[in-house]
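Student: Hi! I have a new structure to look at, and I'd like to go through it with you. Can you help me find my way around?

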Amino acid sequence: IKPDGRFYTIDLINGTKTEGTTEQGDLVVQIMRPAQIQQGQKFDWSFTMQANGGGFIETTDAYLNEAPESGYQSQYTVTMSANDPNWQEEVQNKTFYLESRNGTVYGQMQVTIIPNYNDTSVFKIESLVNPAGSRNLEFDASKTSAANPGR
């Protein structure tokens, strides 16, 4: 992801990323940071993730078998200031429940955000979604297709 404030829409069902914002997807993400960063220097950076027609619940649940009925926040934001004593160069393995597409898709996901990686940025996501409108997130191997293993 280019860290210049561009928006990207992520479709978790089809496994696609599109530059810009569209309603054909589950998440809209954005990373912002300075264009030039000195190696080893702290820098200001931010990350925003919005759900299309839903929201997120950050969780530490060990078993993510059923998405909650309510309590979703439409946006998740990280803002790091170079002057902050708690500054971090990345955010790793944050786990969320997801509701998107106006309650027709539920899922769980783990994300890692690396704002400075080889002159660009990384937004890594591992997810399991149920596109049937059910909050049940238990993996069903019989629903896995050869074209989309794990989906």
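Student: How do strand 1 and strand 3 pair, and over how many bridges?

Tutor: They pair in the antiparallel sense, over three bridges. Keep in mind that this is a predicted model.

Student: Okay. Which residue is the bridge partner of Y8 in strand 3?

Tutor: That is V29.

Student: And what does strand 1 do with strand 2?

Tutor: Strand 1 and strand 2, the latter covering residues 16-19, are antiparallel too, with four bridges. D11 stands opposite T16 in strand 2. The two strands make a hairpin with four residues between them. G15 sits in that turn and has a positive phi of about 70 degrees.

Student: What is the order of strands in the open sheet of five?

Tutor: The order is 2-1-3-4-6, and the pairing is antiparallel. Strand 2 and strand 6 are at the edges with a single partner strand each, so one side of each has no neighbour in the sheet. From one strand to the next, the twist averages 15 degrees.

Student: Where do the other strands go?

Tutor: There is an open sheet of four strands, in the order 5-7-8-9, with antiparallel pairing. Here strand 5 (55-58) and strand 9 are the edge strands; each has a single partner, so one side of each is left without a neighbour in the sheet. The twist in this sheet averages 30 degrees from one strand to the next.

Student: How many bridges join strand 7 to strand 8?

Tutor: Eight bridges join them, and the two strands run antiparallel.

Student: Let me zoom out. How many helices and strands does the chain have?

Tutor: Zero helices and nine strands. Its radius of gyration is 16 Å, close to the 15 Å that the globule rule gives for 151 residues, so the chain is as compact as a globular protein of that length. Its C-alpha atoms fill a box of roughly 50 × 30 × 25 Å along the principal axes.

Student: What share of the residues is buried?

Tutor: Buried residues make up 38% of the 151 in the chain.

Student: Now the inside. Which residues touch the most other members of the largest nonpolar core?

Tutor: That core has 26 residues, and the ones touching the most other members are L27, V29, W45, F47, M49, F56 and F123. Strands that each supply at least two residues of this core include strand 3 (27-32), strand 4 (45-51) and strand 9 (120-130). A second, separate core has eight residues, among them I57, Y97, L128 and L137. In soluble globular proteins, nonpolar side chains tend to be buried together.

Student: You mentioned W45. What is W45 in contact with?

Tutor: Setting aside neighbours within four places in sequence, the contacts of W45 include M32, R33, V78, W87, E90, I113 and P115.

Student: Where is E90 found?

Tutor: E90 is in the loop between strand 6 and strand 7. E90 counts as partly exposed, because its relative accessibility is 23%. Not counting residues up to four places away in sequence, E90 touches W45, I113, I114 and P115. The C-alpha atoms of E90 and I113 are separated by 5.6 Å, with the two residues 23 apart along the chain.

Student: What about S81?

Tutor: S81 is in the loop between strand 6 and strand 7. S81 has 30% relative accessibility, so it counts as partly exposed. Beyond residues up to four places away in sequence, S81 touches D44 and W87. S81 and G103 are 22 residues apart in sequence, and their C-alpha atoms are 35 Å apart in space.

Student: Last one: is T48 buried or exposed?

Tutor: T48 lies in strand 4. T48 counts as buried because its relative accessibility is 15%, and the cut-off for buried is under 20%. Leaving aside neighbours within four places in sequence, T48 is in contact with V28, V29, Q30, Q75, Y76 and T77.

Note on methods: Residues are numbered from 1 along each chain as its sequence is written. This is a predicted model: local features need pLDDT of at least 70, side-chain atom pairs count only at pLDDT 80 or more; totals for chains, interfaces and linings use all residues. Side-chain values use heavy atoms; hydrogens and water are left out. A nonpolar core is a set of buried Ala, Val, Leu, Ile, Met, Phe, Trp, Tyr and Cys residues joined through side-chain atoms within 4.5 Å. Buried means under 20% relative accessible area, exposed over 50%, partly exposed in between (1.4 Å probe, protein chains only). Contact means heavy atoms within 4.5 Å. Two strands pair if DSSP finds at least two bridges between them. Axes are lines fitted to C-alpha atoms, for helices over the stretch in contact, and angles run from 0 to 180 degrees between N-to-C directions. The radius of gyration is taken over C-alpha atoms; the globule rule is 2.2 Å times the number of residues to the power 0.38.
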